[in-house]
Amino acid sequence: MARGWESKGVELQREDLEAARERAVADRAALDRIALERERESIQLSRVRVLHDLEMATHPRHRECVEAALRFLDEKLEALNARAGG
């Protein structure tokens, strides 16, 4: 009978380990989604600031720089959306 209990104990330990691994994977996925969302929000805030700067830019060279910054942020957003799958 001791062997039966020992077997059950090992089986329970394996099930607990597998459940812990599944939770860790789910937690990691949730953290990744949160990080992507924060990065997206940060880029969008920068984009709003750059758009404001673009409205205020009067010198052609400054305007070119601000437009380049806007393109850069748009590219980052596109890449981030592709990475996030949507």
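Contact, as I use it in these notes, means heavy atoms within 4.5 Å.

**Set-up**

I am working from a predicted model, where local features need pLDDT of at least 70, side-chain atom pairs count only at pLDDT 80 or more, and totals for chains, interfaces and linings use all residues. Residues are numbered from 1 along each chain as its sequence is written, and side-chain values use heavy atoms, with hydrogens and water left out.

**Entry: Leu 36**

I started with Leu 36 and skipped its neighbours within four places in sequence. What remains in contact with Leu 36 is Leu 80, Arg 83 and Ala 84.

**Entry: the core**

Buried here is under 20% relative accessible area, exposed is over 50%, and partly exposed is in between, with a 1.4 Å probe and protein chains only. This core has nine residues, namely Leu 36, Ile 43, Val 50, Leu 54, Val 66, Leu 70, Leu 73, Leu 77 and Leu 80. For the record, helices are DSSP runs of H or I, at least four residues, numbered from the N terminus.

**Entry: Leu 80**

I followed Leu 80, which sits in helix H2. Its relative accessibility is 3%, so Leu 80 counts as buried.

**Entry: Arg 40**

Is Arg 40 buried or exposed? I find Arg 40 buried, with a relative accessible area of 16%. Arg 40 is in helix H1. Leaving aside neighbours within four places in sequence, Arg 40 is in contact with Leu 77, Leu 80, Asn 81 and Ala 84.

**Entry: salt bridges**

I then searched the whole structure for salt bridges (a side-chain nitrogen of Lys or Arg within 4 Å of a carboxyl oxygen of Asp or Glu). The search finds six.

Glu 39 is partly exposed at 32% relative accessibility, whereas Arg 83 is exposed at 58%.

Arg 49 pairs with Asp 53, their closest N and O atoms being 3.3 Å apart. These two are four residues apart in helix H1, so about one helical turn separates them. Arg 49 is partly exposed with a relative accessible area of 48%, and Asp 53 is partly exposed with 28%.

Glu 67 forms a salt bridge with Arg 63, where the closest N and O atoms are 3.8 Å apart. Glu 67 and Arg 63 are four residues apart in helix H2, so again the separation is about one helical turn. I get partly exposed for Glu 67, at 31% relative accessible area, and partly exposed for Arg 63, at 33%.

Terms used
Core = buried A, V, L, I, M, F, W, Y, C linked by side-chain atoms within 4.5 Å.
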